[in-house]
Amino acid sequence: MTSARRALAQVVPGARRVLDENWTGSSTVPSRGLYPHQWSWDSAFIAIGSRHLSVRRAQRELETLLTAQWDDGRIPHIVYNQAVPPGAYFPGPDFWRPSTGHTGAPPGVATSGIVQPPVHALACLLVHRADPRASVGSGFLARTYPRLAAWHRYLTDRRDLGGGGLVAVVHPWEPGMDNSPCWDAPLARVDPVPPETFQRADLDHGAATDRPTDLDYGRYVRLAADYRDGGYEDRPGSHAFTVEDPGVNALLIASEHALAEIASSLGADPRPHRARAARLTAALLDRLWDPAAGLFLCRDVVGGGLIPELSAAGLLPLLVPELPRATVDALLRTAAGEHFGLGTSVRLVPSYDLRGAAFDPSRYWRGPAWFNVNWLLERGLRLHGAVGEADALRAAALEVAAASGFAEYVDPYTEEARGTRDFSWTAALTLDLAVGSSP
Ligand code: 2M8
């Protein structure tokens with residue numbers, strides 16, 4: 001048996017086992033030990049994979065998350081399982097409660113107050129497509145569409161903090177790439193809270209060398225506490241950390257296109273969604289494209305200017321259907337070039353510049369290869385006709401996921417497992433690739 005066939009034979013039962021073990025009855029934890037609650041973009045990726053096991057379960061995953069939506073439209077980045085002991089994860093639910101005691105979450109639901117990348121409309125569309133007749137029969141899209149539309153409105157109306165038509169994030173946890181070197185300069189302006197004022201739980205489950213540092217955490221806590229104490233208001237100029245990230249905005253554009261399709265299938269008008277996607281695409285090109293780097297960069301709204309660090313988030317605009325051909329070609333060259341080495345020095349794209357001064361092959365989002373980033377890139381490559389590259393990436397992802405025990409992330413050179421194992425989105429997205437990729 002070839003290694004590709006062996007990987008395929010291992011991935012499907014292995015992924016099913018991970019997803020079954022991490023299912024709680026209403027959603028899936030990213031990992032039983034390290035992340036014992038529901039995370040926003042994790043659940044979107046998990047549903048994309050679990051739709052191949054049970055469409056109803058994938059629908060439930062997404063709807064559990066969507067019913068935790070705040071009254072202003074935001075979808076919180078964590079929905080807490082209140083049966084889990086409060087010390088099992090830091091920060092726990094109490095951390096996010098402002099002095100008024102009320103967040104915008106529905107009564108009885110405990111959530112964080114920040115957000116994560118908007119992959120949800122794309123996930124809902126893919127879950128619908130797994131069994132359109134059952135989806136229509138159960139009213140899945142009719143129930144989720146208004147919530148998804150309100151979520152996108154929150155992002156475009158309340159989070160255009162730079163005033164240029166893009167969504168900004170206000171905390172390094174929001175783009176999902178927590179300790180990316182892109183945040184080093186903007187975070188350096190943030191006064192960390194002292195380490196003795198909080199108790200990390202993550203180091204009980206993972207090697208310290210694979211995780212953010214205490215100094216990082218001190219700054220994460222400061223930013224989250226300031227946002228909470230300001231009543232989660234999104235006024236321009238009120239956040240010490242305000243960044244426009246190409247990954248977040250590319251995912252919003254892809255999801256806005258998905259929303260247009262969802263609207264059409266419900267007999268609603270898709271044109272406002274297409275128009276919003278077109279405006280976001282123009283703003284993305286205008287504000288974040290760096291021709292010299294051949295990559296989209298992050299914009300530091302507080303400090304001003306583009307951040308000169310090369311992150312895999314800058315390749316994610318390959319998910320944007322209306323990207324000009326010259327920009328696509330430049331991104332393909334950058335992906336295969338010395339900074340990301342895809343198909344040349346590595347088989348899976350690293351999260352950060354292989355040549356960057358801050359590159360670390362083990363430490364979380366500062367170099368390791370992640371399966372969600374590679375799944376998104378595989379999709380983007382296919383969308384723009386780079387079929388050979390997409391096929392090679394798919395084969396590598398299947399092989400590495402199976403060999404690593406569905407690791408959270410891997411060293412991009414050695415492909416050895418890092419972080420936790422039996423990680424849900426690794427299982428879900430490789431299952432999706434194994435079953436033949438998303439239509
Ligand atoms: C990581 O982030 C959380 C905080 O949200 C953490 O470090 O505790 C990130 O990898 C993030 O992208 C992911 O959604 C989350 C759960 O898998 O873990």
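H120 sits in helix α4, which covers residues 120-130. The structure is a predicted model.

**Around H120**
- H120 is buried, because 27 other C-beta atoms lie within 10 Å and 20 or more is enough to count as buried.
- Leaving out residues up to four places away in sequence, H120 touches A44, L62, I75, L148, W151 and S255.
- V167 is 47 residues from H120 in sequence. In space, the two are 16 Å apart, C-alpha to C-alpha.

**The nonpolar core**
- The largest nonpolar core holds 135 residues.
- Inside this core, A123, V349 and A428 have the most contacts.
- Helix α9, residues 246-265, gives the most to this core: 11 residues.
- A428 touches A15, L19, F45, I46, I48, G49 and S50, with residues up to four places away in sequence not counted.
- In soluble globular proteins, nonpolar side chains tend to be buried together.

**The sheet**
- An open sheet is built from 4 strands, in the order β3-β4-β7-β8. Their pairing is antiparallel.
- At the edges are β3 (168-169) and β8 (306-307), and each pairs on one side only.
- β3 and β4 (residues 243-244) run antiparallel and are joined by 2 bridges.
- A168 has E244 in β4 as its bridge partner.

**The ligand shell**
- Around the ligand are P30, Y35, W39, W41, D42, H77, W173, G176, D178 and D202.
- This shell divides into 5 nonpolar, 2 polar and 3 charged residues.

Technical notes. Residues numbered from 1 in each chain as written. Predicted model: local features only at pLDDT ≥ 70, side-chain atom pairs only at ≥ 80, totals over all residues. Near = placed C-beta within 6 Å. Nonpolar A, V, L, I, M, F, W, Y, C, P; charged D, E, K, R; others polar. Core = buried A, V, L, I, M, F, W, Y, C linked by C-beta atoms within 7 Å. Buried ≥ 20, exposed ≤ 12 C-beta atoms within 10 Å, placed from the backbone. Contact = placed C-beta atoms within 7 Å. Pairing = 2+ DSSP bridges.
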